[in-house]
Amino acid sequence: MLSSKLVVITGANRGIGKKIVETLLEHSQKPKVLLTARNEELGMEAFNELAKKYSEEKDRLYFHQLDITSNESTDKFVSWLSENFKTFDVLVNNAGTNDRQDWDENWIMPNDTKKIIIDTNFYSTVSFTEKMFPYLSSDGKIIMISSNLAKLEFQGEPVRKFLQNSEMTLEDLLKEMKDFEEKAYKNEHIKAGYSKQIYHVTKAFLNAYTRWILPKKLKEGQTAFNVHPGWIKTRLGGYDAA
């Protein structure tokens, strides 16, 4: 039953995140929905639009600024959440990024672009999730919005073998991501066995975190999932999508 449950959605002022908010506001079990966005102005615009569209449900809709790449922002958010709600029931980690520009055959892109993709899709998502653990309800759920581009078939054999290791620790995963990051900045990641696409690697590593690391941290009754929403026509998905 979703009734009285609190669902937190990151990156929810547009695209998939916003649609999830709308779907929950239309849900018959009437959960509380916490919309978050990196940009406070854009977040408030989305909040006001949805509050007007779903005027009968607006008392279930909340907004708070959240930039998962900022420690200051995540700390403020977690503090606010704990003070106002004590616990939450579902975290939908939807915030993410990619660069859809076509680069050359070696997928060369500026290092600052690589850094943004790696930080947002992996490091910051993992860090934020770890901060949220203490406030997850006894039957709470963590949902990672992933992608079929995270399939292991896009990685070389050494990387596939590592990502399939059920005994890996968070320290192991962070160390391997650091190795990828350093090689990516030198454009040496492809010959090391990583996918040429930075996005593919970050999502594959996030899947491994959800599959192997989270189950060791979650309590009985708590669960975590990787979800592929499909190729959807959004700013991130592009306009060739369905």
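Biologist: Which strand is Lys 141 found in?

Modeller: Lys 141 is found in strand E5, where helices (H or I, at least four residues) and strands (E, at least two) are DSSP runs numbered from the N terminus. This is a predicted model, in which local features need pLDDT of at least 70 and side-chain atom pairs count only at pLDDT 80 or more, while totals for chains, interfaces and linings use all residues. Residues are numbered from 1 along each chain as its sequence is written, and side-chain values use heavy atoms, leaving out hydrogens and water.

Biologist: Is Lys 141 buried, partly exposed or exposed?

Modeller: Buried means under 20% relative accessible area, exposed over 50% and partly exposed in between (1.4 Å probe, protein chains only). Lys 141 has a relative accessible area of 33% and is therefore partly exposed.

Biologist: How far apart are Lys 141 and Val 90, in sequence and in space?

Modeller: They are 51 residues apart in sequence, and 4.8 Å separates their C-alpha atoms.

Biologist: Which strands does E5 pair with, and in what sense?

Modeller: Strands of a sheet pair through backbone hydrogen bonds, either parallel or antiparallel. Here two strands pair if DSSP finds at least two bridges between them. E5 (residues 136-145) runs parallel to E4 (residues 88-93), with five bridges joining them. Leu 91 stands opposite Ile 142 of E5 in this pairing. E5 also runs parallel to E6 (residues 223-227), again with five bridges, and Ile 143 has Phe 225 in E6 as its bridge partner.

Biologist: What is the strand order of the sheet?

Modeller: The sheet is open and has six strands in the order E3-E2-E1-E4-E5-E6, with parallel pairing. E3 (61-65) and E6 are the edge strands, each pairing on one side only. On average, neighbouring strands are turned by 15° against each other, direction ignored.

Biologist: How many bridges join E1 and E2?

Modeller: E1 (residues 6-9) and E2 pair in the parallel sense over four bridges. Leu 6 stands opposite Lys 32 in E2, and Val 8 stands opposite Leu 34. Strand E2 (residues 32-37) is largely enclosed by the rest of the structure, because five of its six residues are buried.

Biologist: What describes two packed helices?

Modeller: Two packed helices are described by the angle between their axes and the distance between the axes. Axes are lines fitted to C-alpha atoms, for helices over the stretch in contact, and angles run from 0 to 180 degrees between N-to-C directions. The axes of H1 (residues 15-25) and H2 (residues 40-53) come within 11 Å and cross at roughly 25°. That makes H1 roughly parallel to H2, a label for angles under 35 degrees. Their crossing is right-handed, meaning that the near helix is turned clockwise from the far one by less than a right angle.

Biologist: How do the axes of H3 and H4 cross?

Modeller: The axes of H3 (residues 71-84) and H4 (residues 111-132) come within 10 Å, with a crossing of roughly 25°. H3 and H4 are therefore roughly parallel, and the crossing is right-handed.

Biologist: Where does H7 bend?

Modeller: H7 bends by about 30° at Thr 210, the angle being taken between axes fitted to the seven residues ending there and the seven starting there. H7 (residues 198-217) has 20 residues and reaches 27 Å from first C-alpha to last, close to the 28 Å expected, which is 1.5 Å times one less than the number of residues. H7 is mostly covered, with 16 of its 20 residues buried.

Definitions and conventions:
Angles under 35 degrees count as roughly parallel, over 145 as roughly antiparallel, 65 to 115 as roughly perpendicular and the rest as oblique.
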